[in-house]
Amino acid sequence: MRTGRLDRAAGVMVGLACGDALGAAYEFGGPYSADMPVEMKGGGAFGWEPGEWTDDTSMAIPLLELIASGERPRGYKLRSAVKRWIEWMEDAKDVGTRTSAVLSEAKLASNVDFYELDSAAGAAAKKYQHQHPNAAGNGSLMRTAPYGLVGQDLRYIAVTAAGQSKLTHPHDDATTACAIWSAAIGHAVDTGELDVRVGLRATVSESGQGELYALWESRIEEAESFLPEHFTKNGWVVQALQGAWSAIVHSGERAANDPDHVRRALQMAVRGGGDTDTVAAIAGGLIGAAYGVSAIPLSWKRRIHGWPGWRSEELVEHAVTAQRIWSATGAADLRAWPAIDRLDYSGWRGTETCVRHPHDSGVYLGGVGVLDRLPEDVDAVVSLCRIGRSQIPDSVPREDRIAVWLIDSDDPDDNQHLDFVLTEAADMVAALRDEGKTVLVHCVQAHSRTPTIGAVYSVRHLGMSAEAAVRDVVSALPDARPNSAFSSAIRRIAEERFSDV
């Protein structure tokens, strides 16, 4: 399977969580000015920690777990998700009014019988809908992104996504929105394209359901005509979808392949105000699917965390596993990365290389074998290659284990946002150093990726020219030789750096 598809699959869940955690501090406020800084700062009405995700991501996780297990995520198989939602709700800081009512009644009606949870939830949801016929909140759309990982049959994605909505939000607006958005995510994972109308066509037949198709087409057109702050009633599922799509289309064009589009879109979604975490989470699932986790700022990816004790690593693991299981080939080795405790690189030469950075003694440059004999002063690790869950020693805090999505390849399809990724990695090294951390930067053998990041760090933060940076770093590392694509990128980054001075 091409690495680009796995990158985009991981981007679904990390994008969702980043939008969620970014918007948490701003919920119920705004709209905000276009120049207001939007930061993952925590706080807000429920006292979120910086980077802590809310109910949006927490409710998506049980669906992701189900999908990553390979089970068909519909019908009675959804019992496991309902059970997990009830477990989560016990200690959750924030649960939507409708979701709380439905799940509480389902728990009581089923008398905690696992085999009745799905039907009990559905019955409670129908009862609530009958009592509140116009209620069409965004509580199911906010969690629907994992359904974009269920293979390449967009019609199947749409049908199953609508089905999960019925557990709590059976209103036609909610089920249709979940179907459209999830199918659009599935299309983005498959192709890298941003096209919500693909999701509409997979959900609604233009010929057989012309009136419904025209309604949703007009809603999409409205989103494309106005900025997110126009959609002030974004607790309603329709305006939540419109606000998310508006933020995406008004912050960049996919054809430009600008990874900073992700950052701009999620910040714009937050500035729209209102239900900021949910609108940004919805947007994050789709734009993350199009650009991939490699386009998500490392500073955001490093901070996100929440129930059930997960960070970005678990989101990536489950999303990649799901994509492999539900791919067209149907082949998935569940003993492979990332669902494995340790990757065996014992057959590779030079993995134990470890030297001090020639321009900063607080940075080590090395191979993956250094993780088994980590220098005592290292308290942060920037990994440029795939490693197992437990490969970094416990002495390094989880928030200081930075995983960079970087392939040692000169094929542009393998690293579609190469300059962005290299810059983000180097800037993360600098941020860790500013925090007083001693950092290990490693790949497998310290041949190509490690010296590249070492050189970019010197260029961007230590005032070195590209030529001097590469020369000194390569001299310090035995057998180091950045590949041709990386070498060209170092020069481009240096030119941009010095042109800004």
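There are 31 salt bridges in this structure, and since what we are looking at is a predicted model, I will keep to what can be computed from its atoms.

I will begin with a local pair, lysine 83 and glutamate 87, whose side chains meet in a salt bridge with an N to O distance of 2.7 Å. Both residues sit in helix 3, which runs over residues 79-89, and because they are 4 residues apart there, about one helical turn separates them. Lysine 83 has a relative accessible area of 38%, so it counts as partly exposed, and glutamate 87, at 33%, is likewise classed as partly exposed.

The next pair is glutamate 313 with arginine 398, a salt bridge in which the closest N and O atoms lie 3.5 Å apart. This one links distant parts of the chain, since glutamate 313 belongs to helix 14, residues 312-325, while arginine 398 is found in the loop between strand 5 and strand 6, and the two are 85 residues apart. Glutamate 313 is partly exposed, with a relative accessibility of 29%, and arginine 398 is partly exposed with a relative accessible area of 29%.

Two further cases deserve a mention. Arginine 471 makes a salt bridge with aspartate 472, with 3.0 Å between the closest N and O atoms, and aspartate 472 is partly exposed at a relative accessible area of 21%. There is also a network of salt bridges, which links Asp258, Asp260, Arg263, Arg264 and Glu424.

Arginine 311 lies in strand 2, residues 310-311, and, leaving aside neighbours within four places in sequence, its contacts are Trp53, Arg302, Arg303, Ile304, His305, Arg398 and Glu399. Arg398, in that list, is the residue that pairs with glutamate 313.

Arginine 389 is placed in the loop between strand 5 (380-383) and strand 6 (401-403), and with a relative accessible area of 43% it is partly exposed. Its C-alpha atom is separated by 6.3 Å from that of arginine 342, although the two residues are 47 apart along the chain. Again leaving aside neighbours within four places in sequence, arginine 389 is in contact with Glu317, Pro338, Ala339, Ile340, Asp341, Arg342 and Arg401.

Finally, the whole protein. It contains 18 helices and 7 strands, and its C-alpha trace spans about 70 × 45 × 45 Å along the principal axes. The accessible surface comes to about 19,200 Å², with 48% of it belonging to carbon and sulfur atoms. As for charge, there are 49 positive and 68 negative charges, and their mean positions are 3 Å apart.

Definitions and conventions:
Residues are numbered from 1 along each chain as its sequence is written. This is a predicted model: local features need pLDDT of at least 70, side-chain atom pairs count only at pLDDT 80 or more; totals for chains, interfaces and linings use all residues. Side-chain values use heavy atoms; hydrogens and water are left out. Accessible areas come from the Shrake-Rupley method with a 1.4 Å probe; for residues, only the protein chains shown count as cover. Lys and Arg count as positive and Asp and Glu as negative; His and the chain ends are not counted. The place of a charge is taken as NZ of Lys, CZ of Arg, CG of Asp or CD of Glu. Contact means heavy atoms within 4.5 Å. Buried means under 20% relative accessible area, exposed over 50%, partly exposed in between (1.4 Å probe, protein chains only). A salt bridge is a side-chain nitrogen of Lys or Arg within 4 Å of a carboxyl oxygen of Asp or Glu.
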